[in-house]
Amino acid sequence: MTIELPMSALGLAHTPLLADVPRARLDQLAACCTWRKFEPGQEIVSRNAAAGDVHLIVVGRVRIHVHTGDGREVLFKHLQEGGIVGDFAAVDGGLRSTDAHAVSHVMSAAMRAADFRQLLLDEPRVEGRYVQHLVGLVRALTDRVIELSTLAVQNRIRSEVLRQAHAAGAGGGSARLSPAPRHADLAAQVGTTREQVTRELSALTRQGLLQKSGGTLVVTDVRWLEDLVRGAAEADARGPRRPPPSVLHQ
C-alpha cells in the first residue's frame, strides 16, 4: 500500500540521516522545522557565528568553505540533497566552523540546536548514522592533511579528481563528473592556483585520461588514474593510451 506523506515529512524522509524513522516521528520533526529557501550565492551559515539552527538540505547544492586572512578560499566540499549544515556548533555549543553558501536554489529544513540534540538522544539509529557521518568526515580530512603534507601539487590535483571519480561511481572503468568541477574549485580544495590546475588537467587530457563532453568531465580510466596517484612505476611505463571509444556515449 502506498502511503502519501505530507510534503514536509517527505522531504525529511529523503535525508539519509533520517532513513527508517517512523512516519509519526517524521511528522513531529517536520512540525519543529522552519522551511527556508536560499537563492544562489546566499549565505546559509557564517563562520565564527554563534551556534544556531541545523539545516537539513532538502533541495539544492551547498558550498562548504572558508576564506583565509589573505583572502584565499579553502573549499572543503559541496553538499547535495540530504546533506547537513551547522551541526557541529549545535552539538558542542561552539562557534560555526565554516561558511556555507547556496550554489543553486536551496531549500532546507532548519531545526533548532536543542531539537537536533534531542533527536540524537531519542533515536539511537539516527545517532548511529550521525556518528558514522562524523567518522567519515574525520577520515576524509585525515586523507587531505596527509596529501597536503606529503604530495606535490600535481599529485594533489590528480588525487582530488580521483576522489570525485570514486564519489561519482565508476562504470566500466570510467567515471563521469557532472557538472565538471571548476578549475578554481579544484585549486581551492588542494591548495594551489587555478593556472596549475588548468595545466595538469590539460596534461591528463592530452594523455587521453580525461575528456570533456559539454558540461561533463569524463575520467576514461579510473584504474589508470589510481596508478598515477600511487606513483606506480608500471603506470609511468604504460605511456599514453587511447580511451575507450564508447565512453562519451554511455
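Residues are numbered from 1 along each chain as its sequence is written, and side-chain values use heavy atoms, with hydrogens and water left out. In this predicted model, local features need pLDDT of at least 70 and side-chain atom pairs count only at pLDDT 80 or more, while totals for chains, interfaces and linings use all residues.

**Exercise 1.** Find how many helices and strands the protein chain has, and what share of its residues is buried.

*Solution.* Start with the elements: the chain holds ten helices and eleven strands. Helices (H or I, at least four residues) and strands (E, at least two) are DSSP runs, numbered from the N terminus. Next, take burial: 40% of the 250 residues are buried, meaning under 20% relative accessible area with a 1.4 Å probe, protein chains only.

**Exercise 2.** Work out the strand order of the open three-stranded sheet and which strands stand at its edges.

*Solution.* First, read the order, E9-E11-E10, with antiparallel pairing. Two strands pair if DSSP finds at least two bridges between them. Then look at the edges: E9 (175-177) and E10 each have a single partner strand, so one side of each is left without a neighbour in the sheet.

**Exercise 3.** Trace how E11 is joined to E9 and to E10.

*Solution.* Begin with E9: three bridges join this strand to E11, and Arg 176 stands opposite Val 218. Now turn to E10 (residues 210-213), which pairs with E11 (residues 216-219) over four bridges. Here Leu 210 stands opposite Val 219. Finally, check the hairpin of E10 and E11: two residues lie between the strands, and Gly 214 takes a positive phi near 60°.

Definitions and conventions: Buried < 20%, exposed > 50% of the residue type's maximum accessible area, 1.4 Å probe, protein only.
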